[in-house]
Each structure stands twice: as C-alpha cells, then as structure tokens.
Amino acid sequence: MTGPYSEPSRDRYPAQSEDRSLLPQAPPSILAAFRLMYVGALLQGLGLVLTWLTRDQLRDTVAEQQDVRGDELDTAYNITLGGGITINLLAIAMWIWMAHANRQGFSWARIVATVLGALNIAFTLYWISQAWGLIIVVQLITIAMGATVLFLLYRPDSSGYYAAVTQQTRSQTE
C-alpha cells in the first residue's frame, strides 16, 4: 500500500507528545464517513419525528397485529411507541459517538461501527416489515448510508490511517 498512511513513521510525529493534534490527519474516506454518520444521526432523528407524527397509525397497527383492545392495546401501544423513541434516541447518540471515534482513528471504533452497522441493518430490515409510508423510505436510505459508511471505513487509506494512529499512540506511550 502506498500513500501518506501506508507506513507510519516515528520521525514524522514526536514520540513523547500527548497532543492529539500531532497525530495524522484523517483521509478523505474517514472524513466522508464522519459526515455520513452525522447524516445518519439526522435521518434517525427524522425517523423519530415520523414515528411520533404517525403514532395514531402505529396504534392501529399494534391493534391489528396483536389483536388486542382496551387496556391491553394501550399497554402494547405505549411499549411499542416508547421502545421506538428510546431506540431512535440511542441510535442518534451512537451515530454521533461513532462519527467522532472513527474520525480520531481509534481502531476499536471501526470494529464497534461494524457491529453496530450490522445490527442497524438487521433491526432496520425488521422494522421495515412493521413500518409504513415515508418511514420505509427513510429506513432504506439509512441502510444504504450505513453500508456506505462501512465501505469507507475499510478503504485502504482508512486502514492506513487507523494503523498510523495506532502506531503513533503506541509510540507516545513508550
């Protein structure tokens, strides 16, 4: 592999510095992934808003799918709505956390992003079977964007960047 991230040089960065600004600059693929993760957070927020705006339709769907009425319907509806809101809020936080951790070049962040991306795709595919209208479109865009982010995180320049940051961090602690 060639390029600025192919072989981290100890001479390029002082070994005993605690200043993260001396670490390598993130390549374009990492910066693109960072921006897309923020778009992911915004789409997740849009999903949250759409879930709230279509809560009456959600109530009808819960009643139809679970064949419940009265208090049981209220309980099932509240659990479904509350769970959807909680999951969306957690997902927004994870998109932002992963954006920053990956931009900083933490190797563990790429692994966590991969696991979260796979879970996001799986849960989104399940949710699509329960969703309707514009929510489905937003979810499909989210899946495509998550796959694109993972592709960007595993590009050769990204891999070199993670290796360079890891090497530089190790040399700072020696």
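**Figure 1. Arg103 over the ring of Phe34.** In this predicted model, Arg103 lies over the face of Phe34, at 4.2 Å from the ring centre. Phe34 is buried, with a relative accessible area of 14%. A second pairing of a charge with a ring involves Arg59 and Tyr77. The charged end of Arg59 sits over the Tyr77 ring, 4.8 Å from the centre of that ring.

Figure 2. Phe34 is buried at 14% relative accessible area, whereas Tyr38 is partly exposed at 32%.

**Figure 3. Aromatic pair Trp97 and Trp108 between helices α3 and α4.** Trp97 and Trp108 form a tilted aromatic pair, with 5.8 Å between ring centres and 35° between the planes. Trp97 belongs to helix α3 (residues 70–103) and Trp108 to helix α4 (residues 107–130). The two residues are 11 positions apart, and the pair is one that links distant parts of the chain. Trp97 is partly exposed, with a relative accessible area of 43%. Trp108 is also partly exposed, at 40%. Together with Phe106, Trp97 and Trp108 form one aromatic cluster.

**Figure 4. Crossing of helices α1 and α6.** Two packed helices are described by the angle between their axes and by the distance between those axes. The axes of helix α1 (residues 28–53) and helix α6 (residues 156–173) come within 7 Å and cross at roughly 95°. Helix α1 is therefore roughly perpendicular to helix α6. On the α1 side, the contact is made by Pro28, Ser29 and Ile30. Asp157, Ser158, Tyr161 and Tyr162 make the contact on the α6 side. Sorted by class, the residues of this contact are 4 nonpolar, 2 polar and 1 charged.

Figure 5. Leu152 is in helix α5 (residues 134–153). Its relative accessible area is 13%, so Leu152 counts as buried. Leaving aside neighbours within four places in sequence, Leu152 is in contact with Ser29, Ala32, Ala33, Leu36 and Ser158. Between Leu152 and Ser29 the C-alpha to C-alpha distance is 5.3 Å, although these residues are 123 residues apart in sequence. Ser29 also takes part in the contact of α1 with α6, as does Ser158.

Figure 6. Thr142 is found in helix α5. Thr142 is buried, with a relative accessible area of 2%. Apart from neighbours within four places in sequence, the residues in contact with Thr142 are Leu43, Gln44, Trp95 and Asn120.

**Figure 7. Overall context of the close-up views.** The protein has 6 helices and 0 strands, and its pattern along the sequence is α-α-α-α-α-α. Of its 174 residues, 41% count as buried; Phe34, Leu152 and Thr142 are among them. Among contacts with a separation of 6 or more, 73% are between residues 24 or more positions apart.

Conventions:
Residues numbered from 1 in each chain as written. Predicted model: local features only at pLDDT ≥ 70, side-chain atom pairs only at ≥ 80, totals over all residues. Heavy atoms only, no water. Axes fitted to C-alpha atoms, helices over the stretch in contact; angles between N-to-C directions. Helix = DSSP H or I, 4+ residues; strand = E, 2+ residues; numbered from the N terminus. Parallel < 35°, antiparallel > 145°, perpendicular 65-115°, else oblique. Contact = heavy atoms within 4.5 Å. Nonpolar A, V, L, I, M, F, W, Y, C, P; charged D, E, K, R; others polar. Buried < 20%, exposed > 50% of the residue type's maximum accessible area, 1.4 Å probe, protein only. Phe/Tyr/Trp six-rings, centres within 6.5 Å; stacked < 30°, edge-to-face > 60°. Lys NZ or Arg CZ within 6 Å of the ring centre and 35° of its normal.
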